[in-house]
Amino acid sequence: MARILIENGLVVTVDGARNMYPGGAVLVDDGRIAAVGASVDPEVRRGVDEVIDAEGCLVMPGLVNLHQHHWYVLFKGLADGMLLEDWITDLVFPLVSRLDAQAMRVASWQCGLEMLATGTTCSLNHSVTVTTPEIVEAIVAPQAELGIRQIFAKELRCRNPRFAAHPLTLDESLAAFAEEARRWDGAHGGLVRMGMVIEANAHWTASGMSTEELITRGYQLARDLDLKISSHIAGGTFSLEKGFLKHLRDTGRTDVRYLMQLGVLDERWILAHGIHCTELDLEQMAHVGASLVYTPTSESIRGGGIGPIANAARLGIVTALGTDGPMVDYTDDMLEQIKACVLFQHQRHLDPTRISVEQAIEMATIGAARAAGLDAEIGSLEVGKRADIAVFDMRRPHVGPLLRPLSAFVCAGKGSDAKVVLVDGEIVYRDGAFPRCPDHREVLREAEAIGRSIAERAGLSARMTSPWPSHAAPAARRHPEHV
């Protein structure tokens with residue numbers, strides 16, 4: 001494996017001391033970080049295979065997207081104007097039944113390309129479909145071939161009186177899950193990790209697709225396999241007829257309280273969204289060590305609210321960021337989430353000090369790695385860690401003067417300013433090119449064709465048109481003297 005030196009950049013380590021090195025350097029050797037600091041020994045420099053000049057660039061840990069759904073990439077733009085509950089019933093359900101292995105495979109390639117091109121080097125893919133071994137391979141293998149790190153959180157579901165269509169009993173589902181975990185966890189040289197999805201929120205329990213037995217037995221299997229558990233939590237609108245508030249009114253318990261009552265909530269759980277978490281919910285999460293993933297642009301575009309991530313962080317909850325997926329808010333750009341996190345929390349609290357740019361960067365790097373249980377390997381630039389590195393060009397015209405470089409770049413830059421991206425010490429993206437996917441434009445063409453075909457067969461053709469909405473004000477009444 002090549003020995004690579006990145007030099008002359010603003011090196012932001014996000015290490016324990018939060019060291020930053022203007023004009024600094026990072027040495028990569030055998031897939032790991034061999035040195036990081038203000039400079040490297042001249043003798044070391046002469047022994048490298050490649051030198052990357054990062055002058056005018058930000059050099060930082062690769063971004064970690066801790067909550068996304070890869071196949072959403074096929075259906076960007078279709079969800080305009082839809083509340084979350086209607087989005088699920090009127091968009092997700094009709095599309096899910098038409099997804100096949102080829103659609104999942106192409107979506108995996110396209111999603112991986114979009115993440116790498118915007119500086120993301122690791123993601124947690126939260127499965128919301130029923131996956132067979134063939135489908136799991138179609139999802140996992142393309143991104144492994146592309147070279148991006150991934151946690152595939154496979155769903156745990158089973159047949160029950162209210163979900164009679166599922167092919168497997170709970171015993172069979174648990175056995176099938178364990179087999180997939182043995183097959184994939186640690187595969188492709190460790191680029192692939194497995195996780196478990198147990199849906200324990202209002203939408204899923206009210207529909208009967210999740211039961212107390214499934215939650216408790218799934219939790220025990222995750223403990224036995226030493227896997228993290230991903231779950232949507234406390235999301236949706238404040239409708240009294242459907243979703244979160246209806247469930248709260250019917251049961252008298254929040255989603256977090258439900259898990260506490262079952263005795264399963266602990267540090268293994270990665271809870272996504274948490275828009276309507278109460279202060280007591282957050283205190284309970286902090287007490288047991290559960291993590292919280294904030295997806296700011298996803299929540300805002302559905303009109304779902306602004307999650308209490310600043311309060312969660314103050315309580316010591318491990319906090320992270322995610323995109324949710326391009327069928328929700330149309331982007332996989334984690335830099336956008338960092339900026340949105342800062343802006344929305346300041347707006348929620350009417351306080352411009354609640355979340356700093358630096359804290360939001362932590363949520364997209366070391367915080368996310370810690371929530372995933374990978375902080376010993378990734379999330380910061382430290383000697384011995386895997387060399388997952390993103391180099392962003394801060395000298396683009398739209399970024400402007402760098403008087404305070406991190407704030408200027410996060411608030412004016414874009415994920416597409418990524419110049420070079422490394423995973424495990426290998427360059428997997430550079431200046432618009434993907435060494436492991438030379439024909440990425442063909443992937444995009446196929447993804448668009450598949451997405452269009454599925455949407456048409458699902459009866460959603462009308463959502464692919466873009467009529468300009470009428471919102472003009474009524475014409476002013478003409479004054480009599482002008483009649």
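Let's start with Asp 324. Its relative accessible area is 6%, so Asp 324 is buried. Keep in mind that this is a predicted model. Asp 324 is found in the loop between S13 and H13. Look at its backbone: phi is near 80 degrees, a positive value in a residue other than glycine.

Stay in that loop. Thr 331 is there too, between strand S13, residues 319–321, and helix H13, residues 334–349. Is Thr 331 buried or exposed? Buried, because its relative accessibility is 14% and the cut-off for buried is under 20%. What does its side chain reach? The backbone nitrogen of Asp 333, at 2.9 Å. Leave out residues up to four places away in sequence, and Thr 331 touches Thr 323, Gly 325, Pro 326, Glu 336 and Gln 337.

Now past the other end of H13. Leu 350 lies in the loop between H13 and H14. Here again we have a positive phi in a residue other than glycine, near 50 degrees. Leu 350 counts as exposed, because its relative accessibility is 73% and exposed means over 50%.

Next, the aromatics. How many aromatic pairs does the structure hold? Five. I'll show two. Tyr 72 and Trp 87 make an edge-to-face pair. Their centres are 5.6 Å apart, with 80 degrees between the planes. This pair links distant parts of the chain, 15 residues apart. Tyr 72 is in the loop between strand S6, residues 63–68, and helix H2, residues 84–96. Trp 87 is in helix H2. Tyr 72 is buried, with a relative accessible area of 4%. Trp 87 is buried as well, at 5%.

The second pair is Phe 392 with Phe 409. This one is tilted: 5.5 Å centre to centre, 45 degrees between the planes. Phe 392 lies in strand S14, residues 389–393, and Phe 409 in helix H16, residues 405–412, so the pair ties together parts that are 17 residues apart in sequence. Both Phe 392 and Phe 409 are buried.

Back to the Tyr 72 pair for a moment. Tyr 72 and Trp 87 belong to one aromatic cluster with Trp 71 and Phe 75.

On to helix H16. Which residues of H16 are buried? Leu 406, Ser 407, Ala 408, Phe 409 and Val 410. What do they pack against? Three strands to begin the list: S1 at 4–12, S2 at 20–29 and S5 at 57–61. Then H13, helix H14 at 357–363, and S14.

Ile 33 counts as buried, because its relative accessibility is 2%. Its contacts, not counting residues up to four places away in sequence, include Val 26 and Leu 27. They also take in Ser 380, Leu 381, Glu 382, Val 383, Gly 384, Lys 385, Arg 386 and Ala 387.

Last, a helix pair. Helix H4, residues 133–146, packs with helix H5, residues 170–184, at an angle of about 35 degrees. Their axes are 11 Å apart. The crossing of H4 and H5 is right-handed. Who meets whom? From H4, Pro 133, Val 136, Glu 137 and Val 140. From H5, Glu 180, Arg 183 and Trp 184. The residues of this contact divide into four nonpolar, no polar and three charged.

Methods: Residues are numbered from 1 along each chain as its sequence is written. This is a predicted model: local features need pLDDT of at least 70, side-chain atom pairs count only at pLDDT 80 or more; totals for chains, interfaces and linings use all residues. Side-chain values use heavy atoms; hydrogens and water are left out. Helices (H or I, at least four residues) and strands (E, at least two) are DSSP runs, numbered from the N terminus. Buried means under 20% relative accessible area, exposed over 50%, partly exposed in between (1.4 Å probe, protein chains only). A polar contact is a pair of N or O atoms within 3.5 Å; within protein, one must be able to donate a hydrogen and the other to accept it, and residues adjacent in sequence count only if both atoms are side-chain atoms. Contact means heavy atoms within 4.5 Å. Axes are lines fitted to C-alpha atoms, for helices over the stretch in contact, and angles run from 0 to 180 degrees between N-to-C directions. A crossing is left-handed if the near helix is turned anticlockwise from the far one by less than a right angle, and right-handed if clockwise. Ala, Val, Leu, Ile, Met, Phe, Trp, Tyr, Cys and Pro count as nonpolar, Asp, Glu, Lys and Arg as charged, and the others, Gly among them, as polar. Rings of Phe, Tyr and Trp (its six-membered ring) pair if their centres lie within 6.5 Å; planes under 30 degrees apart count as stacked, over 60 as edge-to-face and the rest as tilted.
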